Amino acid sequence: MCRSIKTLRQPYAEIVTEADIEAAALQYVRKISGFRAPAAHNAPAFQAAVAAVTDATRTLLDQLVVRGNGQAAASAGMTESGTQRD
């Protein structure tokens with residue numbers, strides 16, 4: 001696992017920003033692809049992968065229930081990533 005990706009769920013991270021999620025997604029895609037920055041002809045695929053991983057990460061964090069913390073977030077109408085539940 002890439003060491004620069006930090007744990008984004010509670011209790012390890014109280015506040016998770018969109019920038020934190022995007023940074024983790026970028027690091028993951030960089031690790032998997034082997035590119036720090038893709039060539040111009042690969043940039044659309046690279047950017048699409050980062051966006052997909054960002055969305056998947058946000059979905060995962062929104063749906064995780066951490067024992068002892070999940071009820072507090074649910075009762076406050078907040079998701080685990082700190083966004084307001086619709």
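Let me start with the helix contact. From H1, the residues Glu18, Ile21, Glu22, Ala25, Leu26, Tyr28, Val29, Arg30 and Ser33 meet H2. On the H2 side, the partners are Phe46, Ala49, Val50, Val53, Thr54, Thr57, Arg58 and Leu61. Contact here means heavy atoms within 4.5 Å. By class, this contact of H1 with H2 has 10 nonpolar, 3 polar and 4 charged residues. Nonpolar covers Ala, Val, Leu, Ile, Met, Phe, Trp, Tyr, Cys and Pro; charged covers Asp, Glu, Lys and Arg; the others, Gly among them, are polar.

A word on the model. It is predicted, so local features need pLDDT of at least 70 and side-chain atom pairs count only at pLDDT 80 or more, while totals for chains, interfaces and linings use all residues. Numbering runs from 1 along each chain as its sequence is written, and side-chain values use heavy atoms, with hydrogens and water left out.

Now the overall layout. The protein chain has 3 helices and 0 strands. Along the sequence, the pattern reads α-α-α. Helices (H or I, at least four residues) and strands (E, at least two) are DSSP runs, numbered from the N terminus. Of the 86 residues in the chain, 28% are buried. Buried means under 20% relative accessible area, exposed means over 50%, and partly exposed lies in between, with a 1.4 Å probe and protein chains only. Among contacts with a separation of 6 or more, 38% join residues 24 or more positions apart.

Next, the geometry. H1 spans residues 18–33 and H2 spans residues 43–63. They pack at an angle of about 130 degrees, axes 8 Å apart. That makes H1 oblique to H2. The cut-offs: under 35 degrees is roughly parallel, over 145 roughly antiparallel, 65 to 115 roughly perpendicular, and the rest oblique. Axes are lines fitted to C-alpha atoms, for helices over the stretch in contact, and angles run from 0 to 180 degrees between N-to-C directions.

On to the cores. Which residues form the largest nonpolar core? Leu8, Ala13, Val16, Ile21, Ala24 and Leu61, 6 in total. A second, separate core has 5 residues, including Ala25, Val29, Phe46 and Val53. A nonpolar core is a set of buried Ala, Val, Leu, Ile, Met, Phe, Trp, Tyr and Cys residues joined through side-chain atoms within 4.5 Å.

Alanine 24 sits in H1, buried at 14% relative accessibility. Beyond four places in sequence, alanine 24 contacts Ile5 and Leu8. Its C-alpha is 8.8 Å from that of leucine 8, 16 residues away in sequence.

Phenylalanine 46 is in H2 and buried, at 11%. Leaving out residues up to four places away, phenylalanine 46 touches Leu26, Val29, Arg30, Ser33, Phe35, Arg36 and Pro38. Serine 33 lies 13 residues off in sequence, with 8.3 Å between the C-alpha atoms.

Buried or exposed: what about arginine 36? Arginine 36 counts as exposed, at 62%. Arginine 36 belongs to the loop between H1 and H2.

Alanine 52 is partly exposed, at 45%. From alanine 52 to valine 29 is 10.0 Å, C-alpha to C-alpha, across 23 residues of sequence.
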